[in-house]
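Work through the exercises below with the model open. Each task is followed by its solution.

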Amino acid sequence: MRYIALIYSGDNTGPAPGTPEWDEFMDGYRIATQTYEERGVMLGGEPLEHTKTATSLRIRDGKTETMDGPFAETKERLGGFYMFDCKDLDEALELASLIPTAKFGTIEVRPIMDLG
Amino acid sequence: MAKDRQDTALHATIIGIIRDDRGRLLAALIRSLGDFDLAEDALSDAVESALVHWSRNGLPNSPQGWLLQVARRRAIDRLRRGQRFSARVPDIEMLMEEEEETRNMPEDHIPDERLRLIFTCCHPAIEEKTRIALTLRSVCGLTTREIARAFLDTDIAMGQRLSRAKAKITTAGIPFSIPERSDWDARRSAVLTVIYLIYNEGWTAGAGEAPIRDTLCDEAIYLCRLLNDLAPHDPEIEGLLALLLLMASRRKARLRPGFGLLSLEEQDRSLWDHALIDKALRLLDDAVGRQAPGPFQCQAAIQALHSEATSNDETDWPQILLLYDRLYRLKPSSVVRLNRAIALLETGDIRAAQSELEDMRSELEAYQPYHAADAEIATRAGDLVHAKRAYGRAIELSQSEDERRWLAMRRGRLN
């Protein structure tokens, strides 16, 4: 099955850049990505720029409107994602537990809809 | 007339078979279909068909084998009628082969996959109350209506809760499997918690309230025994079973007809079921001998000390206090801390018990047993004004008529 792991965290909840904790945090991501690749479950994954850089778009009455910022104002922001192809939810959760942000943020694991 | 009676008896037999074997059949079906929802629908179809055919022709040689075979065929029909037929062709072929192989298979050859079923129903990705409902429905075979009544829910709401859960199992890819060794402890404790909560749901209701709640205690014990058979020599499973049996041994003593609940202190201990106590103590001995302590063994050990005492005063409270200390280390929770405070009170340390309660006040303000304990401690300390107020708050918070009556009776004694 295919899953996406959406990585959420609040501003200033993780380690600050330039600290030893930050280096450890980034190493955690390198280790996670490497593990996924070695296990052959990695379909992709990217970090995202801050929600400050987001633009939301919608079409109402045939007219396109754009807005500065994310669609919903929430405390936790989507900061990146991984996509896995693995056996079942248990394996997806085990893989997601390697994501360092899980220690202070939240990882939402969702199955990707199968249209095949 | 005679024919009618025969029909009713047969109908009862059929319902009985379906109820007893539902879990086993469902588990076997999920295993071969790989789809929780489809397995349930197919089994319902088979049961419906059984009621028609068996009423007409009598029971088949192997009712379980019959049900399984019909359910498989119905599953194939449902797959054929389904939207994504082409994608399911390999499934259908596999099912048909399996059907061929297992035709007229004697019932003791139906593989027992219930351990997988239990772990799936109690998967941590499912919300806790739903885990309880799903386990009662799938493993114990209770009807949606019975479960709804036990949880004071409407049939519709409970039905929706169950279908959402089944849909999630399929869509989210919750596996139908026994957890691996690395996950065993955590996943096992999720299962044990579900069983314990089922028992508690039945235990905390009084005799006069919805009789379905009494059966919850029996279902919890049934589940725990089944789990102990399917995964033997696990000390925490044995610990929980011992705990449930020790609680059940006091069933007769804890309800006085027309009077309601009795506390441990008030119970006539000669009414305790001593055969059940012996069985529980042996189980607990086995569990402790495996030298892997856990919270359920610890709780069972506490209840065992109560069971071995001839009266409240003869109870080994210092030992109980030590066990609560250990339990709190294993599982730090405010409920454990509250029970520990009562043990403190019983060892004679009223001052320490009072200060523990003061400490927990803000956290447990909305918890009925907190105020009941507060009232007991205040009574012992001679502060009757405080005790009355605490009983009043406990009565306000209580959900059960019997419990309210008991609390009011305790409050009345203060005058």
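**Exercise 1.** Which residue of β5(A) is the bridge partner of R2(A)?

Solution. The partner is D85(A). Now place that pair in its strands. R2(A) belongs to β1 of chain A, residues 2–10, and D85(A) to β5 of chain A, residues 76–85. Nine bridges join the two strands, which run antiparallel. Strands pair if DSSP finds at least two bridges between them. Strands are DSSP runs of E with at least two residues, helices are runs of H or I with at least four, and both are numbered from the N terminus.

A note on the source: this is a predicted model, where local features need pLDDT of at least 70, side-chain atom pairs count only at pLDDT 80 or more, and totals for chains, interfaces and linings use all residues. Residues are numbered from 1 along each chain as its sequence is written, and chains are lettered from A and ligands numbered from 1 in the order in which they are written.

**Exercise 2.** Find the strand order of the open sheet in chain A, then its edges.

Solution. Four strands form the sheet, in the order β2-β5-β1-β6, with antiparallel pairing. β2 (42–47) and β6 (106–111) of chain A have a single partner strand each, so one side of each lacks a neighbour in the sheet. Neighbouring strands are turned by 20° against each other on average, direction ignored.

**Exercise 3.** Describe how α18(B) packs on α19(B).

Solution. Start with the axes, which are lines fitted to C-alpha atoms over the stretch in contact, with angles from 0 to 180 degrees between N-to-C directions. Those of α18 (residues 368–381) and α19 (residues 384–397) of chain B come within 8 Å and cross at roughly 160°. α18(B) and α19(B) are therefore roughly antiparallel (over 145 degrees).

Next, list the contact, where C-beta atoms placed from the backbone lie within 7 Å. α18(B) contributes residues including A372(B), A375(B) and A378(B), and α19(B) residues including A387(B), A390(B) and A394(B). The contact residues divide into eight nonpolar, four polar and two charged. Here Ala, Val, Leu, Ile, Met, Phe, Trp, Tyr, Cys and Pro count as nonpolar, Asp, Glu, Lys and Arg as charged, and the others, Gly among them, as polar.

**Exercise 4.** How many residues of each chain are in contact between chain A and chain B?

Solution. Six residues of chain A touch seven of chain B. The chain A side divides into three nonpolar, one polar and two charged.

**Exercise 5.** Summarise chain B.

Solution. Count its elements: 20 helices and two strands. Then take the extent: its C-alpha trace spans about 75 × 60 × 40 Å along its principal axes.

Terms used: Contact = placed C-beta atoms within 7 Å. Parallel < 35°, antiparallel > 145°, perpendicular 65-115°, else oblique.
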